[in-house]
Amino acid sequence: MEEIKQVPYGVSDFVTVRERNLYYVDKTMYLSLLEQQPDNLFYIRPRRFGKSLFISMLQAYYDKAMTDRFDSLFGGLWVHEHPTSLRGRYQMLYLDFSRVGGDIEQLSARFNDYCSLMLDDFMHTYRDDYPEETVKAFFETRQMADKLDLIRNSAVRLRIPLYLIIDEYDNFTNIVLNEKGEEVYHAITHASGFYRDVFKKFKGMFERIFMTGVSPVTLDDLTSGFNIGWHLSMNPKFDKMLGFSTEDVRAMLLYYKEVGMLPAESYVEAMLTEMKPWYDNYCFAKECLKQEARVFNCDMVLYYIRQYMDSGHSPERMVDPNTKTDYNKLKKLLQLDRLDGDRRGVIRRIVEEGQIITEVEESFPAKDLTNPNIFPSLLFYYGMLTIKGTYGSQLILCIPNNNVRKQYYEYLLEGYNEYSGIRISSLLTLFTRMSFDGQWREALQYIADAYKNLSSVRDSIEGERSIQGFFMAYLSLNDYYITAPELELSHGYCDFFLLPNLTHYQSKHSYIVELKYLPKKDFEAKAAEQWQQAVDQIDSYARAPRVEALRQGILGLGFDADGRSIVRNATTVYQLNRLDIIG
C-alpha cells in the first residue's frame, strides 16, 4: 500500500517534498514554456504563493549535479514524460536575498559574506569542472566580486553553461527602503552602489537567469544597468504558474478524503465553497478575465486542510495567524513616509467601494512610491488588489477575498482605535449578545457613539461612506457573522446584511443594517424623515425573496470580485428564529 502523502504546510524545498513523499501540486509543465521565453526572467508574486518551492524545483531539474536523481525526484510528474533539451545542463547558483540583513552600516559586508558563502558552496559542488589553480585562487579570496570573476573567466573559457536563480531579489532592499528611506536605498541601487554593481557582474555571465520577488521597485532601479530582464508577471501564459487552481484544490481534497485523513462525511464541494471567498479570486493578467478560473493562495489552502484534518471541521479562524508577519511588512511599507492623505484616501476608497479603476505599472522607481497614482500598482503586486475587469484602457482592481479584506480592516482599525475609545473585548461581548440573545442595540450604539466622538477621523473622511467604512471595520471583528456589504435586495443595496456563520456558531439572529448620515446642522429638521426612509428601505429589503431564502438556508452567501454580495447554492441548511431589522 502506498504511503499517504502528508500536507506540505510550511515546506518550500522541492527535494524535501519529494523525498518525504509530501503532496505536490505539479507545476513542471511550465518548464517547457519558460524555456521558450527570453533567457533572463523576472517573476513577481505576493507572499505565500509558492515561489520558493517553484524555484527549488527549477534548481533540481536543471542542475547537472542532480541528473542521476531525475527519476526519483520527478517520477510521476508531467516533465518526467516530457523532458526538455535543457534538463541537467547547468551549474546552478542559488541566492536567497531574504537571508541578507543586519544594520545598514554592515549591509554591504553582510551581502558580501552571504554571497561568498553561497559561491563557496557552488565551487564545492562543481570543483571537478574547474582547473586546480582556479579552485585554489577562488577559496583564497573572501570577496564576492573576485569569486564571480574567477568563475566567469573559467566558465567562458571552458564553455560551461551557468544558471542563476535569485529568490526574494527585492527583499532586503525593500527592508532598507522601509526602515531607512529612499536616500539610503538610492545609494545602494544606483551609481557605484554594491547591489547595483553585483547585477552588472551577473549580466552576460549566466546563460539563464530567473529572479522572483514581491514588488517591481528594485527591478526598475536596477534595469538601467541590468537591461536584459524580461518581466513575466502579467503574462497570461504564467498567470497560474504559482498558486493553486480550483481543480488543484479539489484534487487535493478528494485525495485526503479517499485516504481517510478528512472525515468520511466531509463534502468536498462544500469545503471549496467555504474556501473560495477567503483564499481565491486572484487574477494577474487581464487576458485571463475571459476564463472563469482564478488562483488560490496556496499557503492558505494548506492551512485550511491541515486545520480540518486536526479538528474534523474547518478552522475557526479562516485566516492563518502566521500571515500576521506579512501584514506587518505591508504596514511598514504603507508607513514608510508617514502615508500622505492622498494614499490614505486610496486605501479608504478601496475598503468602502471594494475596487479602484487605475493602470498597473510594470515597474516603478522607489521615488515614485509616494505617488498616489502608483500606489494601487504596489498594492496589486503585494496581492492586496487583483484584476477584476477593464474600463476602457484601464483596469478595474478589487480586493480579492476576505483574507485580504481583513488586512485592510486591520489597517483602518489601527488608525481608528487610537482615538475611538472602543474596547475590543467589550465590543466582542456585545456581539455575542447580539448573536445569541438578539440584543443588537447596545453593540451598534457603541460603534455609533465611538464614530460620533471620532472627530479627527470624521473631519478628514466626511459623509455616509466614512460611516460605512467605520462600521465595516468594527463589524469585521464579529466572528458570528458573514458581514456582507452592499447586498443587492429588491432593486437596491442594503448597507450590511449580517448572516450567521453557522460553520462554528449556532447564532439565532440575523440582521439587516441601514446607515443614514446627517450633518449636525440638519439633524433636527431631517432626522425623522431619514429614519422613516431607512425603515421603508429595510422593510422592502426584508420582503425580498432572497432574504427569506438566506434566512431559511436555501441559499448560501458569498462575495463577488468587487466585494459585493452574491447568493449561491448552500450545502448546510438552517433555520433562524428571526430576522432583526435595524434602522
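**Exercise 1. Helix H6**

Task: Compare the reach of helix H6 in this predicted model with the span expected at 1.5 Å a residue, and state which residues of H6 are buried.

Solution: 
- Helix H6 covers residues 107-126, which is 20 residues.
- From its first C-alpha to its last, H6 reaches 29 Å.
- The expected span is 28 Å, and the reach is close to that.
- The buried residues of H6 include Leu107, Phe111, Tyr114, Leu119 and Phe122.
- Asn112, Ser116 and Asp120 are also among the buried residues of H6.
- Cys115, Met118, Met123 and Tyr126 complete the list.

**Exercise 2. Helices H14 and H15**

Task: Describe how H14 and H15 pack, and give the classes of the residues in contact.

Solution: 
- Two packed helices are described by the angle between their axes and the distance between the axes.
- For H14 (residues 268-279) and H15 (residues 298-311), the angle is about 140 degrees and the axes are 11 Å apart.
- Angles over 145 degrees count as roughly antiparallel, and 65 to 115 as roughly perpendicular.
- H14 and H15 are therefore oblique to each other.
- H14 passes H15 in a right-handed crossing.
- H14 contributes Met271, Glu274, Met275 and Tyr279 to the contact.
- H15 contributes Met300, Val301, Tyr303, Tyr304 and Tyr308.
- By class, that gives eight nonpolar residues, one charged and no polar.

**Exercise 3. Met384**

Task: Locate Met384, and decide whether Met384 is buried or exposed.

Solution: 
- Met384 sits in the loop between helix H18 (375-381) and strand S7 (386-391).
- Its relative accessible area is 4%.
- Buried means under 20%, so Met384 is buried.

Terms used
Residues are numbered from 1 along each chain as its sequence is written. This is a predicted model: local features need pLDDT of at least 70, side-chain atom pairs count only at pLDDT 80 or more; totals for chains, interfaces and linings use all residues. Side-chain values use heavy atoms; hydrogens and water are left out. Helices (H or I, at least four residues) and strands (E, at least two) are DSSP runs, numbered from the N terminus. The expected span of a helix is 1.5 Å times one less than its number of residues. Buried means under 20% relative accessible area, exposed over 50%, partly exposed in between (1.4 Å probe, protein chains only). Axes are lines fitted to C-alpha atoms, for helices over the stretch in contact, and angles run from 0 to 180 degrees between N-to-C directions. Angles under 35 degrees count as roughly parallel, over 145 as roughly antiparallel, 65 to 115 as roughly perpendicular and the rest as oblique. A crossing is left-handed if the near helix is turned anticlockwise from the far one by less than a right angle, and right-handed if clockwise. Contact means heavy atoms within 4.5 Å. Ala, Val, Leu, Ile, Met, Phe, Trp, Tyr, Cys and Pro count as nonpolar, Asp, Glu, Lys and Arg as charged, and the others, Gly among them, as polar.
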